[in-house]
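Please look over the sequence and the structure shown below, and keep them at hand while you read the report that follows.

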Amino acid sequence: DASGQARADNGFGIELADTAGAVAFGGTQWSDGQVVYSSVVYTLHLNETGAPVDTFVVVTPCCATYIGWANSCFPRQGGGYGLGGRQVDTLGKSSAGLFLFAPHGALDTLIPYIQLPEDWAGRCGKQTPDGGYVITGETNASGTSLDGFLLKLDSLGNQEWVQTYGLTNRTEYLTTVDLAPGNGYYLGGQLNAGGGNYDQWLLRVDSTGQEVEEKAAAFLLAMS
């Protein structure tokens, strides 16, 4: 019961703790007694036997916070954890968010990526070899559909660049990012194949987010 309020909890990721045990990450509802937040990100610190030691919820005034997707968390260089997710304001506008946590699971910093009037939903994050961060997810920045995006931040959370990926008038999602050789990135998600059908989607991009290679589900299945 991460919130202590007997509300539904959803777990989406776990990392080994810096000392012993582990820290789990998820989302839950939460109320301050006046407002019920539809979602807040939580962390649950567990000891080496799996018993809960402490729990923290991320509450930002007038904004719901959402964990990205499965395995959207990651260990930070020098200790602690990071998470790619999003926050949603009272008007329903979504901004990608970089959540940075201390080693015991308390929030250090929440860095939102706000680009009004667009929506940016963060789904996964990773720390990069230069000490910065990347977040992937989807956005309606094209104005006609949802596209995948990759956002690069420096070690202080300042934007370095952002790239979007997808087809015109199609809906695509990117839900995971991982490091590739040569300071590039692997991106995974789903691609709208038309007729309500979605294919698995894998992109490889270089260190500036430029597309190097793309694979769709049919090719991947044929090669497996």
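## Aromatic rings in the model

Tyr 113 counts as buried, because its relative accessibility is 10% and the cut-off for a buried residue is under 20% relative accessible area. The structure discussed here is a predicted model, and every value in this report was computed from it.

In general, a pair of aromatic rings is described by the distance of the centres and the angle of the planes. In this model the count comes to seven aromatic pairs. One of them is formed by Phe 74 and Tyr 133, whose rings are tilted, with 6.0 Å from centre to centre and 45° between the planes. This pair links distant parts of the chain, since Phe 74 belongs to strand β6 (residues 73-75) and Tyr 133 to strand β11 (residues 133-139), 59 residues apart. A second pair is made by Tyr 113 and Trp 120: the ring centres are 5.0 Å apart and the planes stand at 90°, so the pair is edge-to-face.

Which residues are joined into a cluster by ring pairs? They are Phe 25, Tyr 81 and Phe 101. A ring can also have a charged side chain over its face, as with Tyr 66, where Arg 86 lies at 4.3 Å from the ring centre.

| Residue | Relative accessible area | State |
|---|---|---|
| Phe 74 | 3% | buried |
| Tyr 133 | 4% | buried |
| Tyr 113 | 10% | buried |
| Trp 120 | 3% | buried |

## An open sheet

Four strands form an open sheet in the order β1-β2-β3-β4, and the pairing is antiparallel. The strands β1 (9-16) and β4 (52-58) stand at the edges with a single partner strand each, so one side of each is left without a neighbour in the sheet. From one strand to the next, the twist averages 25°. Within this sheet, strand β3 (residues 36-46) and β4 pair in the antiparallel sense over six bridges, and Leu 46 stands opposite Pro 52 in β4.

## The largest nonpolar core

How many residues does the largest nonpolar core have? It has 13 residues, and those with the most contacts inside the core are Leu 150, Tyr 165, Val 177, Tyr 185 and Leu 187. The elements that give two or more residues to this core are β13 (159-165), β14 (172-180), β15 (184-194) and β16 (197-205). Leaving aside residues up to four places away in sequence, Tyr 165 touches a set of residues that includes Phe 149, Leu 150, Leu 174, Leu 187, Trp 201, Leu 203 and Val 205, as well as the residues Asp 147, Glu 172 and Glu 211.

## Backbone features

In general, most residues other than glycine have a negative phi, and most peptide bonds are trans. A cis peptide bond, with omega of about 5°, joins Leu 116 and Pro 117, and Pro 117 is placed in the loop between β9 (107-113) and β10 (120-127).

Ala 6, which is not a glycine, has a positive phi near 55°. This residue lies in the segment before β1, and Ala 6 counts as exposed because its relative accessibility is 71%, where the cut-off for exposed is over 50%. Asn 183 is not a glycine either, yet its phi is positive at about 65°; the place of Asn 183 is in the loop between β14 and β15.

Methods
Residues numbered from 1 in each chain as written. Predicted model: local features only at pLDDT ≥ 70, side-chain atom pairs only at ≥ 80, totals over all residues. Heavy atoms only, no water. Pairing = 2+ DSSP bridges. Axes fitted to C-alpha atoms, helices over the stretch in contact; angles between N-to-C directions. Core = buried A, V, L, I, M, F, W, Y, C linked by side-chain atoms within 4.5 Å. Buried < 20%, exposed > 50% of the residue type's maximum accessible area, 1.4 Å probe, protein only. Contact = heavy atoms within 4.5 Å. Phe/Tyr/Trp six-rings, centres within 6.5 Å; stacked < 30°, edge-to-face > 60°. Lys NZ or Arg CZ within 6 Å of the ring centre and 35° of its normal.
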